[in-house]
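Dear colleague,

I am passing a structure on to you, together with some notes on what turned up when I went through it. Please keep the sequence and the model open beside this message as you read.

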Amino acid sequence: MWSRIRPQKMYLSIFLFSSMAVSLLTLVFTMFLSQQFARSAMDEMDKSNREKMKQVVKTSEFTLQKLRQFALRIYSDESIAIWTSMDNNDYSPFALSKAATSVREFMSSEPFIYGIYLINFDIDQIYTSDSSIYTTQDFYDPIMLDYIKGQKTPYLQYVNHEVEGKSFLALVVPAAGPNQNYHGFVAILFSKPLLNVNMLQISEEDQNKIYIEGKNKEFILGNTDPALTKELMEMDKSVAEQNGRWKSGKETWSIQTERLPIEGWNVYHLSPISLWQAKVTKIRTEIIGSSIFLLLTLLLYLFWQSYRSLKPISDLAYQIQNKLGKKHPIVRKTKTNNEMSWIHSGFHSLVEKIEQLDLSLKSSQALVKDDFLRQWILNSKSSRPIKEFIRNQTQILRTGWFRMAVIRLESYGRFEEQFDFASRKSLRFALGNIMTEVLANHGYAAETVDFGSDHIVALMSSALSDEDAALAVGAMEDVKLQISRWLKLEVHAAVSSVLDVEENLQTIYTQLYELTLIGFINHEDRVFTSEDLERYERGKDSDLDEALLKQVIHSVQLKNDKELEGYLDHLTLHMQELSYEECKLQLTHIIYSIMKSFKNYKTFQGMKSIHTFLEQFATLGEVKSWLYQELLQIIDQHRNKNASSRKDEVAAEMIEYVRNHLHNPMLSVDDIAAHVSMSVNYARQIFKDHFHSSLSDYITNQRIEYAIKLLITTDWTVADITEQSGFQTKSTFFSLFKRATGMTPNQYRLEKTHAEL
């Protein structure tokens with residue numbers, strides 16, 4: 001039988017079995033989900049009702065106690081007390097006037113009060129808050145008088161009270177009748193509708209019901225209708241409280257009960273289950289309907305996949321081949337009979353085009369911001385356009401104060417060997433993003449700047465307080481932690497004290513970078529602050545021949561191992577006359593300078609501390625021998641490295657360094673050569689071989705191009721543009737600009753403006 005109805009075609013057979021499996025799984029899952037939702041909804045309803053009940057009880061206890069205290073204030077008021085305690089011998093109409101004034105003031109200060117009775121049995125007078133005076137014989141509320149005369153309660157207690165067809169909550173002060181020798185009383189009527197709304201938090205739209213029952217099973221407060229109130233009075237409450245459910249006519253209620261201990265009242269909260277069931281049923285219907293729709297969609301998808309499983313791939317490969325053309329270089333390398341190869345090549349070409357488009361569309365505003373931040377940091381005095389841009393386009397100065405922070409990669413030499421130039425740039429970009437996000441999580445608005453080297457600089461908003469210093473250090477500790485967690489890179493960090501916009505950021509930037517090197521030397525794993533600078537500076541006062549030290553470093557850069565040994569001998573010769581501590585201090589300085597020059601090459605990685613490391617040597621000769629061998633290894637590493645690959649990376653690094661420091665008027669070829677750890681002549685030669693232009697001419701041309709861009713896109717003065725372009729003087733700028741364009745800056749701006757018009 002099954003063999004007759006079973007589809008013969010494979011795609012139909014696969015579709016049939018898949019449909020049966022998907023339908024069964026969808027049905028089981030839908031039933032399970034709807035049941036779980038219904039159970040969860042009912043549990044949530046009970047939980048919500050319990051929380052509502054607790055809140056109502058707490059609010060009711062607080063409100064009733066407050067009103068009880070307010071009643072005592074009324075009774076103890078001097079004017080009211082005088083009137084309620086006087087007899088016929090000292091009766092005075094003036095006393096009644098003062099008491100009436102006090103009543104009006106109390107009525108206006110407490111919205112729950114509907115009316116107040118002042119009762120004096122000695123003079124047989126009753127004054128009401130509507131400014132009426134009665135005798136006990138003609139008073140319209142004789143029930144209140146009977147209650148006062150007959151009350152036996154030893155404390156203040158609220159009672160139900162009806163006057164002229166209206167129901168109130170009444171309170172009599174003092175809480176004892178005439179048998180206790182009191183002659184004056186104050187009776188206060190509280191509005192039940194206001195108590196329902198404000199104390200019980202009942203609204204007209206609320207379908208839940210609240211019912212408060214007195215000691216004598218009477219209705220006190222609530223929003224139940226008369227029929228429901230009558231049923232509640234007659235129901236077996238013990239059964240309802242035990243089951244949590246109560247059926248009234250066609251409606252089933254979820255019931256919660258609490259007790260007001262002071263009043264001795266029972267509070268019942270009723271929620272119609274039909275309301276929740278209707279909502280649950282609606283959502284269950286939506287779940288089932290959505291599941292059916294999902295099932296139909298899946299079945300349609302399965303049919304489509306089983307019928308067209310191979311044709312879409314073929315169509316796609318054919319379309320890619322037509323789009324690229326047979327002469328496309330990628331297509332020529334692809335096997336025509338391999339459709340996946342066609343698709344892979346086509347997507348590879350598409351990704352390349354998207355990346356090129358993304359680079360071309362990169363926000364010019366972001367580039368301007370990065371450039372201005374670099375200028376602000378590297379210039380000793382910031383210009384007016386930079387200050388205005390920083391204030392308007394960033395959040396750094398939102399508090400008027402800010403801090404500078406620097407993070408430096410540990411073992412940067414190993415970092416350079418492990419990653420190529422593009423990868424290093426991407427990782428530095430990731431460092432800046434993590435730094436910005438972590439600082440934002442700590443409440444600091446921050447902007448980061450990448451100088452294309454072994455460190456990232458952040459400028460972050462700050463508060464002028466002692467507590468903020470500790471918070472800033474904690475935020476930077478978190479930055480280190482997150483970088484280590486996500487990028488598996490170790491960094492050293494330093495943060496400045498609070499700064500203002502007039503600070504010399506160039507000096508502070510240099511000091512902070514120097515501070516990050518302390519962690520490498522002394523292996524202190526913490527965030528350094530400006531207070532550490534004094535301790536660090538003490539190590540620079542040693543009597544050391546700095547010129548010889550530069551010769552040692554220069555000989556390594558030139559790979560001249562013969563001169564290296566001689567320079568090293570001369571450098572350490574005078575140390576034999578020094579004390580042990582002074583000798584170790586100078587050795588520490590030598591090693592630090594070498595690490596700084598070669599950006600922590602593999603030679604120096606893994607040292608816990610230079611001071612501790614030097615303690616393993618017995619003589620100065622052993623230290624010198626070790627240092628000489630380490631420097632020879634650096635030379636060998638440079639020699640063995642692929643020359644052409646290294647030259648390409650060096651050329652790219654020089655270009656990036658020039659672009660990042662273009663605005664610095666003191667930028668020189670010496671700075672660029674030092675950045676790439678090469679001699680000046682060798683750096684010039686590499687640059688000229690790659691770009692067929694001298695490095696000096698390239699710097700000048702880049703400055704002219706940047707000045708042209710500012711002339712066209714901004715309304716800045718020529719003086720401001722001169723400063724932002726990195727020219728030292730205005731005359732130099734005019735001379736070089738006219739040589740390059742044949743016009744003065746103002747003439748060039750006017751000509752471009754007229755051309756656009």
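Which residue's side chain meets that of Arg-428 in a salt bridge? The partner is Glu-656, with N and O 3.4 Å apart, where a salt bridge is a side-chain nitrogen of Lys or Arg within 4 Å of a carboxyl oxygen of Asp or Glu. Because Arg-428 lies in helix H16 and Glu-656 in helix H25, this pair ties together parts that are 228 residues apart in sequence.

Before going further, please note that this is a predicted model, in which local features need pLDDT of at least 70 and side-chain atom pairs count only at pLDDT 80 or more, while totals for chains, interfaces and linings use all residues. Residues are numbered from 1 along each chain as its sequence is written, and side-chain values use heavy atoms, with hydrogens and water left out.

**Salt bridges**

The structure holds 12 salt bridges. Glu-656 also meets the side chain of Lys-425 in one of them, at 4.0 Å from N to O. Both Arg-428 and Glu-656 are buried, which is said of residues under 20% relative accessible area, whereas exposed means over 50% and partly exposed in between (1.4 Å probe, protein chains only). Lys-425, with a relative accessible area of 42%, is partly exposed. Elsewhere, Asp-532 forms a salt bridge with Arg-526, their closest N and O atoms being 2.9 Å apart; Asp-532 counts as buried at 11% relative accessibility, while Arg-526 counts as partly exposed at 27%. Returning to Glu-656, salt bridges that share partners join Lys-425, Arg-428, Asp-450 and Glu-656 into one network.

**The sheet of five strands**

Helices (H or I, at least four residues) and strands (E, at least two) are DSSP runs, numbered from the N terminus, and two strands pair if DSSP finds at least two bridges between them. An open sheet of five strands, with mixed pairing, has the order S13-S14-S12-S15-S16. Its edge strands are S13 (446-450) and S16 (527-529), each of which pairs on one side only. Strand S15 (residues 491-495) pairs with S16 in the parallel sense over three bridges, and Ala-494 stands opposite Phe-528 in S16.

**The sheet of six strands**

A second open sheet has six strands in the order S3-S2-S1-S6-S5-S4, and its pairing is antiparallel. Strand S3 (132-134) and strand S4 (159-163) stand at the edges with a single partner strand each, so one side of each is left without a neighbour in the sheet.

S4 and strand S5 (residues 166-173) run antiparallel and are joined by five bridges; among the facing pairs, His-161 stands opposite Phe-168, and Val-163 has Lys-166 as its bridge partner. The two strands form a hairpin with two residues between them, and Glu-164 in the turn has a positive phi of about 50°.

In a regular strand the side chains alternate between the two faces of the sheet.

**One more residue to look up**

Gln-685 is found in helix H27 (residues 680-691), and at 42% relative accessibility Gln-685 counts as partly exposed. Gln-685 and Leu-695 are 10 residues apart in sequence and 9.0 Å apart in space, C-alpha to C-alpha.
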